[in-house]
Amino acid sequence: MRGIGWAVGSILALAGAAAWAPCPAIAQDNSAAHQNLDRSLDKLSKNGLFRVRIGSTVDPIPLNEIHSWSLNLSDASGQPVSGAVIQFDGGMPEHGHGLPTAPRVEPGTAPGEYVIRGVKFSMTGWWELRLAISANGQTDNATFNLVL
Amino acid sequence: MVKPITRPSTWSSRGPLLAIAVAAVALGGTAGPAVDGWSPEEIKTLRSLWIGSLGPLPHDPTNRVADDPTAASLGSLLFNDTGFSANGRVSCASCHQPQNGFTDHRPIGKGIGVGKRRTMPIPAAIYSPWQFWDGRADSLWAQATGPTENPVEHGSTRTEIARRMQTRYADWYRRVFGPFPAVLSQPYPERASPVGNAAERAAWASMPAAQQDAVNEVFANFGKAVAAFERTLRLPKTRFDNYVAALVSGASTQALMNPDERAGLRLFIGKGQCTRCHNGPLLTNNHFANTGVPPRPGLADDVGRSDGITLALANAFNCRGRFNDKPGQGCDELDFAILKGPELQRAFKVPSLRGVADRAPYMHQGQFGSLERVVQHYSTAPAAISGKSEIHPLNLSREEQRQLVAFLRTLSAPPAKASR
């Protein structure tokens, strides 16, 4: 199931590349302040209720272009969690601003799969991506670090 | 991901070629030797800023004539026609002067009257999803309609625009857009607009809905033809581009940028943090930022993006309006836009830095007269008068400020003699 999800992601990525050839490659920010950040995009939520895996459907992550991310949600025992209500938010802690767009999380095609639509990064540097998850009567959140 | 073409000095920035040709030079990875003092990672950054990394213009599904050469020819005529103004003396080109990088060297634009912000250059803006300093238009064609009805720019009304299209450009109109709306063969008011003064709004209200709709359609098509022309504008290759082209092709870079300019470039991508916002081959993220630039005294308060997004949503010519040629498409930016929040307060468009040395004064109200003053601002980063400035003091030395300015001057085309 998950394999299909990632395959769909790859197709989206190819489509994105065809429509959006100009995307500038992002030069990675290697400033010392970001060296110790946990950059994992696959982790347990804060209270351990969910396992959350996110990833851009476009590789490399484009700068200044709206694109989608995939999100896979499972419970602590590894079972996919569908029907969750997920809020996606984020920003740049060092610049005191949020995301440049207001993305929305929508159900994907496979169990436990979601699509985060409307994602855009307008600056290089450290971005925090925050997810608030409500499912099966439980809520938890997860924060990811991304350094572009 | 299409790799940018690597080509020496004589290429044009015509996009589609880039998508076809993949002439990758194996630079920009993490391994490999330093070239000209730049690490492989830095070269990757320099490449990302190079005009060779600029792909084709984004497709605009909302404008069916966006890439139609006949529409572009018509648009060129409209762009230069002073007959679309109330006093017969103002055209788009009056402020967007082709010989001056499509701007006018004034702190504040001047049409029929004096505006409230600086005239923006066009060639880099054709890649932007948002237009105007506050992003109140979500397409190039929606933008092009705006100034015609602004009392201090063209001072005209949409019925006057429609009538001139009908009387002076009938043949062009038919060739580009098809038959002129038949309902406009019936009389309609001379000056009428839903956004005009009281008399103009009353005249508009007196028109049958079918005529209003037809005028709006012709008005939108005016914008679409102008946008088609603007989309043919090309950014000149700069001294910086020549330097990067030489760097990635292994040619000599010796004569292309002097030590001060190179030091300034190092600051630009490093300590100066300029590429946080001025990134990509256009040297802009096309977004909005509050950088604490003090307002120009004597002007009405201007809060930038927080008003701009409200206006964009209310604009009848936005992507959700009935003049989008592919309803449901081309609306991602508006659909996912941030509608309110403290970071919109006094946030203004991050401009492209291409050709920046050629178009003083600077900032959204021409507050700063020189690049030296601009760099000084970023070095000291004063607080914003409201909202929150995103920038922090860089504390650049005088020497560093001078070097940064020297680099900014390489973002212009080389003198004509040198390019031959």
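Tutor: Let us begin with a definition: a residue is buried when its relative accessible area is under 20%, exposed when it is over 50%, and partly exposed in between, with a 1.4 Å probe and protein chains only. Helices are DSSP runs of H or I with at least four residues, strands are runs of E with at least two, and both are numbered from the N terminus. This is a predicted model, in which local features need pLDDT of at least 70 and side-chain atom pairs count only at pLDDT 80 or more, while totals for chains, interfaces and linings use all residues. Residues are numbered from 1 along each chain as its sequence is written, chains are lettered from A and ligands numbered from 1 in the order in which they are written, and side-chain values use heavy atoms, with hydrogens and water left out.

Student: What makes helix 10 of chain B mostly covered?

Tutor: Nine of its eleven residues are buried, among them B:Phe240, B:Tyr243 and B:Leu247. The buried residues of helix 10 pack against helix 2 (40–49), helix 11 and helix 15 of chain B, where contact means heavy atoms within 4.5 Å.

Student: Why is helix 15 of chain B called largely enclosed?

Tutor: Helix 15, residues 398–408 of chain B, has eight buried residues out of eleven, so the rest of the structure largely encloses it. Those buried residues include B:Glu400, B:Leu404 and B:Phe407, and their cover includes helix 10 (239–249), helix 11 (259–269) and helix 14 (371–380) of chain B.

Student: Why is A:Leu71 counted as buried?

Tutor: A:Leu71 counts as buried because its relative accessibility is 1%, and the residue lies in strand 3 (residues 67–75) of chain A. Leaving aside neighbours within four places in sequence, A:Leu71 is in contact with residues including A:Val52, A:Ile86, A:Gly112 and A:Leu131. The C-alpha atoms of A:Leu71 and A:Gly112 are 8.2 Å apart, although 41 residues separate the two along the chain. In chain A as a whole, 53% of the 148 residues count as buried, and the chain has one helix and nine strands.

Student: How do you know how many cavities of 30 Å³ or more there are?

Tutor: On a 1 Å grid over the protein atoms alone, a cavity is a set of points where a 1.4 Å probe fits but cannot get out, and lining residues have an atom within 4 Å of a point. Grid points are joined across faces, edges and corners, and a volume is the space filled by probe spheres set on the points. By this rule there are three cavities of 30 Å³ or more. The largest cavity has a volume of about 200 Å³, and of the 17 residues lining it, the closest to its centre are A:Leu99, A:Pro100, B:His287, B:Ile338 and B:Leu344.

Student: What can be said of the second largest cavity and the domains that line it?

Tutor: The second largest cavity holds about 140 Å³ of space, and its lining draws at least three residues from each of domain 1 (20–53 + 237–281 + 283–300 + 346–411) and domain 2 (69–230) of chain B, the bounds coming from an automatic or database domain assignment. Among the lining residues are B:Met120, B:Pro121, B:Lys349 and B:Arg359.

Student: How do you know how much area is buried between domain 1 and domain 2 of chain B?

Tutor: Buried area is the accessible area (1.4 Å probe) that two parts lose on being put together, summed over both. For these domains of chain B the value is about 1500 Å², of which carbon and sulfur atoms give 61%, and 17 residues of domain 1 are in contact with 21 residues of domain 2.

Technical notes: On a 1 Å grid over the protein atoms alone, a cavity is a set of points where a 1.4 Å probe fits but cannot get out, and a pocket is an open set with protein on both sides within 12 Å along at least five of seven lines; lining residues have an atom within 4 Å of a point.
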